[in-house]
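This report describes a structure model through its helices, its confidence, its chain contact and its surface near DNA. The structure is shown first.

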Protein chains: 2
Amino acid sequence: MRKNARVGMSEVTIQQVATEAGVSPSTVSNLLNGRNHRMLPETRQRIETAIDKLGYRPNRAARQLRTGRNTTIGLVVPSVGNPFWGALARYLESAALAEGYHVLLCNSERDPRRERDYIDELWADGVHGVVLCSSLPSLEHVMPLVERGLQLVAFDRTSQAGDPASLVSISVDNAIGSQLATQHLTELGHTRLAFVSGALASVNRKERYRGFVAGLEQAGLDPEAALRAPTGSGADDFGDVEASELGRAAAAELVALDEPPTAIVAINDMCALGVCRGLRDGGLEPGKDVSVVGFDDIVLADLYAPTLTTVRQPMREMAAAAFSQLRARLDDSGPTQGQSLLFRPELIVRESTGAPST
Amino acid sequence: MRKNARVGMSEVTIQQVATEAGVSPSTVSNLLNGRNHRMLPETRQRIETAIDKLGYRPNRAARQLRTGRNTTIGLVVPSVGNPFWGALARYLESAALAEGYHVLLCNSERDPRRERDYIDELWADGVHGVVLCSSLPSLEHVMPLVERGLQLVAFDRTSQAGDPASLVSISVDNAIGSQLATQHLTELGHTRLAFVSGALASVNRKERYRGFVAGLEQAGLDPEAALRAPTGSGADDFGDVEASELGRAAAAELVALDEPPTAIVAINDMCALGVCRGLRDGGLEPGKDVSVVGFDDIVLADLYAPTLTTVRQPMREMAAAAFSQLRARLDDSGPTQGQSLLFRPELIVRESTGAPST
DNA sequence: GCGGACTGGTGCAACGATGCACCGCATGCT
DNA sequence: AGCATGCGGTGCATCGTTGCACCAGTCCGC
């Protein structure tokens, strides 16, 4: 039984519009698809009036069936529960909306299998473009679809050797970002710094660590002497919300040292918030006793007490770029080359950093 | 030019499967749609083998065109950038996924026009079920589509008199929630309480205030004597992030009073965080000098210093309910009655509340 | 041995939009 | 007159799936 039959609603079809306007469906279709260069203004007017009057909206399923195209893109993130990905979702959707596209949201929960399944599903839905925020260093699992024509934009992940040739990568320059953060701390006079992160399993985590080391070297400090906080239990501690737990635990260990660091660079803001929490647990005041820097500049960074010094990723611009890259590749023909877009991060100085208190 | 032609990929059709299995497309379709009660086991086996071998996935556009059904639901939230809505999106998607449904994400940015446009778009996409988190007290703007058969679940909003008859409302019991919070404070010995919120423009804000008053009365306190913090500039201060600004400003005013309150009930967690900030600005320590209670239990509540006492909404259960209500109404036939689901909130006591210090 | 029921399928006309191939007519050019 | 060219459209097959209507064959009871 058709839904239509049940509710007794009759969706307006192109045929009805055509009848109303006294033309053929083809002509209406021509107008709708911009093939109106040789059409009497009067005819066009009649059609437009009919469309308005009947409240016609083209049926997307029919259109997609016929053309093979559609205006939906997929977004696969670890979890929109994390404000960082929430912000991406929001900006991406905003960019897409402006061009009449929609965003289908998928939370991979950092499960590779789920990630793959989702992309399969999206493909079956006729979605040809996906923004993928993968936790995986390799994209091999989606290669078959890429070979069939799936357009992929990797977000928050720089290109790797084994990546598909057509891949577009969009990311902030992680090394520069954490170098900026480290530099800020050394300029404040800190000499005992620690780096807190989960396992350096992903490319951009490694990059951030590299920036940290570079910052130390630049200040004439010995990277070997710098503390690298326990990286947790292994490759699995990749969580997004759990990042805060990790920060908290790491801070606890650091506080217990004979000579605790006076400044901490955290792998991201959630982790930094956890670090602050852990410092307080240990009786130290973040921003006074110990400086803390985060990464991402999530909304909460400016709400926390102390407000968090952090490295901002220009999310709005990055999201817009992700969409426009995707769109360009979906629309046009011809072979498409992959490329990497590296955005410049920006240090936002707030209350959580200051001169060493000792 | 068809995309298919361009990339040279040939999507597998039901016809190919049929040929491969030596049956007609109808038979494959029958199997796919569970009409297989009278089919030779051997035939079924042949078809399944063919499907696997060719990697066949039904084309959704074609299926939807034919049946008018689909497996996508819409989610309209103010903004997934806000962790509260992010959490909802995540849980709803999770519930949907388990049943093979997808979630199309829409950020209304609290713009009524955008909200309406989105729902129109969703309808044009063939989406028949939408979870709507509307900021608007009236749902009149979507009535035309509801009359055409759109199934709507209102989230975080209790039913109103003018609502469509078929509407399902899902919400926490706001009155009970803030009564629990208030009761907690009075039991700790507080007698000078304040309520901080923006304009009580939405139904659930009014409810929360009602619970606050009920809590006071229950403790034998005079609601008239309770402070109701300035409600800001008017009906516009509905923001999500801005809630914190509002809390901060309100706290500043309260601190300046001759007899400041010893406990504050905030309209939600973001607001409560702002209140904490405002208290500190005024030289008071939240959780020690003044107790603060929030509402929602966002992730940050447990990370903040002090950790925030708050009223938890059982988001996972609420999201699951939203989906199953929607699904039931999409699947079955017959007239559907609206209903309201009120979930029981839970008080989570943390560090931001304690006995009055004086 | 003939009507009826059951079995295991198949045929076919949709669903709504698209866009190429084509059409009749008027005008211009030689 | 004879042909090309431009104009303003229209006809029709097609996309992949669905599910009702139908079919040929077998078996049963009387």
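## Helix α10 of chain A

Helix α10 of chain A covers residues 203-218, 16 residues in total, and its first and last C-alpha atoms lie 22 Å apart, close to the 22 Å expected at 1.5 Å a residue. The expected span of a helix is 1.5 Å times one less than its number of residues. Helices here are DSSP runs of H or I with at least four residues, strands are runs of E with at least two, and both are numbered from the N terminus. This is a predicted model, in which local features need pLDDT of at least 70, side-chain atom pairs count only at pLDDT 80 or more, and totals for chains, interfaces and linings use all residues. Residues are numbered from 1 along each chain as its sequence is written, while chains are lettered from A and ligands numbered from 1 in the order in which they are written.

The buried residues in α10(A) are N204(A), E207(A), R208(A), Y209(A), G211(A), F212(A), V213(A), G215(A) and L216(A). A residue counts as buried if 20 or more other C-beta atoms lie within 10 Å of its own, as exposed if 12 or fewer do, and as partly exposed in between, with C-beta atoms placed from the backbone. The cover over the buried residues of α10(A) includes strands β5 (168-172), β6 (193-196), β8 (263-266) and β9 (291-296) and helix α9 (174-187) of chain A. Just after α10(A) comes G220(A), with a positive phi of about 75 degrees.

## Helix α6 of chain A

Helix α6 of chain A (residues 83-98) has 16 residues, which should span 22 Å at 1.5 Å a residue; the end C-alpha atoms are 23 Å apart, which agrees. Of these 16 residues, 13 are buried, so α6(A) is largely enclosed by the rest of the structure. G100(A) follows α6(A) and has a positive phi, near 80 degrees.

## Confidence

The predictor's confidence in each residue is given as pLDDT, from 0 to 100. Chain A has a mean pLDDT of 87, with 92% of its residues at 70 or more. Among the elements of chain A, the lowest mean pLDDT is that of helix α1 (residues 3-7), at 38, and the highest is that of strand β10 (residues 309-312), at 98.

Two stretches of chain A stay under 50. For residues 1-9 of chain A, where pLDDT is under 50, the model has 16 contacts beyond four places in sequence. For residues 232-238 of chain A, also under 50, it has 15 such contacts. Two residues are in contact if their C-beta atoms, placed from the backbone, lie within 7 Å.

## The two copies and their contact

The contact takes 47 residues from chain B and 47 residues from chain A. On the side of chain B that touches chain A, α1 (3-7), α5 (60-67), α6 (83-98), β2 (102-107) and α12 (269-281) of chain B are the elements that give two or more residues. The most come from α6(B), with six residues. By class, this side of chain B has 22 nonpolar, 13 polar and 12 charged residues. Ala, Val, Leu, Ile, Met, Phe, Trp, Tyr, Cys and Pro count as nonpolar, Asp, Glu, Lys and Arg as charged, and the others, Gly among them, as polar. Of the interface residues of chain B, 98% are also interface residues in chain A, so the copies meet through the same surface.

## Backbone exceptions

Most residues other than glycine have a negative phi, and most peptide bonds are trans. A cis peptide bond joins A305(A) and P306(A), with omega about -5 degrees; P306(A) is in the loop between β9 and β10 of chain A. In chain B, A305(B) and P306(B) are joined by a cis peptide bond with omega about -5 degrees.

E109(A) is not a glycine but has a positive phi of about 55 degrees. This residue lies in the loop between β2 (102-107) and α7 (112-124) of chain A and is partly exposed, with 17 other C-beta atoms within 10 Å. E109(B) also has a positive phi of about 55 degrees, and is partly exposed with 15 other C-beta atoms within 10 Å.

## Surface near DNA strand D

DNA strand D is surrounded by 28 residues, the closest being T27(A), L40(A), I14(B), N59(B) and A62(B). A residue is near a strand if its C-beta atom, placed from the backbone, lies within 6 Å of it. The largest share of this surface, five residues, comes from α5(B). The residues of the surface divide into 11 nonpolar, 12 polar and five charged.
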